[in-house]
Amino acid sequence: MEDRELVQGCLEGRVEFYREIMEKYGAQAMALSMNMLMDLQDAEDACQEAFLRTYRNLGRFDSGRSFKNWFFAILANVCRDALRGRRRRRALMEKALKEDAVATVVRDPGAPLALDLGPSVLARLSPQERLCLHLWANEECSANEMAAVLGCSRPTASVYLHRARKKLKAALNEEKHA
Amino acid sequence: MPDCRIGDLLIPLVPVRFWRDALLERHIRRCSPCREGLAGIEEARSVTWSGEDFEGRSDLWPRVQGELRRAGAARTERPAFRRRWLAVSAAAAGLLAAAGVLLLKWDQGNGRVPASVSDIKLIIESSLIYDQPAQAYIFQTREEGTTFVWVEKTNQGEGP
């Protein structure tokens with residue numbers, strides 16, 4: 001069934017159509033959010049939030065546009081919000097640790113305290129660059145489609161992708177020579 | 001490998017982002033040394049997660065379904081005027097709470113003895129978020145006598 005028909009079904013109150021949409025885009029959504037957030041639980045939370053936000057806004061969906069790009073744009077925004085939240089948390093933690101204000105830490109046994117991302121090649125890229133790289137490599141999006149998801153102009157999306165590919169090449173070369 | 005610095009030079013020289021990006025895009029399209037320094041699609045695929053990595057692995061539907069039901073129920077139960085009243089009531093409650101805090105602060109500043117910070121004991125024995133193990137932090141600021149608790153999920157960074 002076409003996305004447009006599925007959306008129409010949802011608008012008529014048939015929630016099972018939304019399940020179909022989720023089954024269709026769930027894995028792709030997880031991949032996009034994992035590439036941006038690099039954390040499985042955060043990615044699942046972001047996907048859940050994005051699917052809910054999309055459902056609530058289905059009435060605003062312009063059926064002349066691509067549903068996939070519209071949904072990916074919402075998901076990318078949710079991921080950006082999550083990253084902002086993470087930055088705020090880190091700043092708060094750093095401040096608290098610096099001020100010696102942590103009275104107690106109740107730790108899950110065996111759980112690492114580390115908040116930093118692993119030394120992955122992908123972590124050297126900014127979230128926006130990772131998003132572009134993912135859309136280009138895995139979703140095979142054109143520059144126009146990337147711009148629609150990113151909410152920027154086509155040249156800007158191309159430049160993000162160029163930077164991402166340049167950084168990735170440099171990182172891979174470094175790894176190779178290390 | 002031949003090196004091209006035009007891209008690096010364009011960034012500081014052209015301050016208007018749209019023009020700069022348009023010029024860069026055009027340059028990259030035409031410059032083979034610039035293109036040679038870029039990772040290929042297979043290299044990009046090897047370091048990123050794709051939909052195939054999550055096919056049949058993550059079922060978000062049960063998590064979303066409950067929320068959709070609640071949202072649907074709320075939508076049918078709450079007509080617009082009722083929502084307005086809810087917003088007004090919430091704003092009034094917020095104002096009352098703010099006034100209460102201000103009065104309390106003013107009262108404390110007028111000679112009344114505040115409760116000693118050391119009298120307050122807060123103990124967290126375990127913490128869970130959605131039934132998953134979590135880590136809790138208890139912060140206590142020095143001056144204000146304020147304590148707040150931050151609970152965070154512990155599973156970080158899984159590779160593809």
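In chain B, 11% of the 160 residues are buried, a residue being counted as buried if 20 or more other C-beta atoms, placed from the backbone, lie within 10 Å of its own, as exposed if 12 or fewer do, and as partly exposed in between. The model is a predicted one, in which local features need pLDDT of at least 70 and side-chain atom pairs count only at pLDDT 80 or more, whereas totals for chains, interfaces and linings use all residues. Residues are numbered from 1 along each chain as its sequence is written, and chains are lettered from A and ligands numbered from 1 in the order in which they are written.

The secondary structure of chain B comprises six helices and three strands, where helices (H or I, at least four residues) and strands (E, at least two) are DSSP runs numbered from the N terminus. Their order from the N terminus is α-α-α-α-α-α-β-β-β. Of the contacts in chain B between residues at least 6 apart in sequence, 30% join residues at least 24 apart, a contact requiring C-beta atoms, placed from the backbone, within 7 Å.

The largest nonpolar core has 62 residues, and those with the most contacts inside it include A:A46, A:C47, A:L75 and A:L133; such a core is a set of buried Ala, Val, Leu, Ile, Met, Phe, Trp, Tyr and Cys residues joined through C-beta atoms within 7 Å. Helix 2 of chain A gives the most to this core, with 12 residues. Beyond its neighbours within four places in sequence, A:L133 is in contact with A:L125, A:L161, A:A164 and A:L168, as well as with B:A44 and B:T48. A:L133 is also among the buried residues of helix 5 of chain A, a helix (residues 127-137) that is mostly covered, with nine of its 11 residues buried.

Helix 6 (residues 143-150) and helix 7 (residues 154-177) of chain A have axes that come within 8 Å and cross at roughly 95 degrees, the axes being lines fitted to C-alpha atoms, for helices over the stretch in contact, and the angles running from 0 to 180 degrees between N-to-C directions. Helix 6 of chain A is therefore roughly perpendicular to helix 7 of chain A, a term applied to angles of 65 to 115 degrees. On the side of helix 6 of chain A the contact is made by A:A143, A:N144, A:M146, A:A147 and A:L150, and on that of helix 7 of chain A by A:R154, A:A157, A:S158 and A:L161.

Conventions:
Contact = placed C-beta atoms within 7 Å. Parallel < 35°, antiparallel > 145°, perpendicular 65-115°, else oblique.
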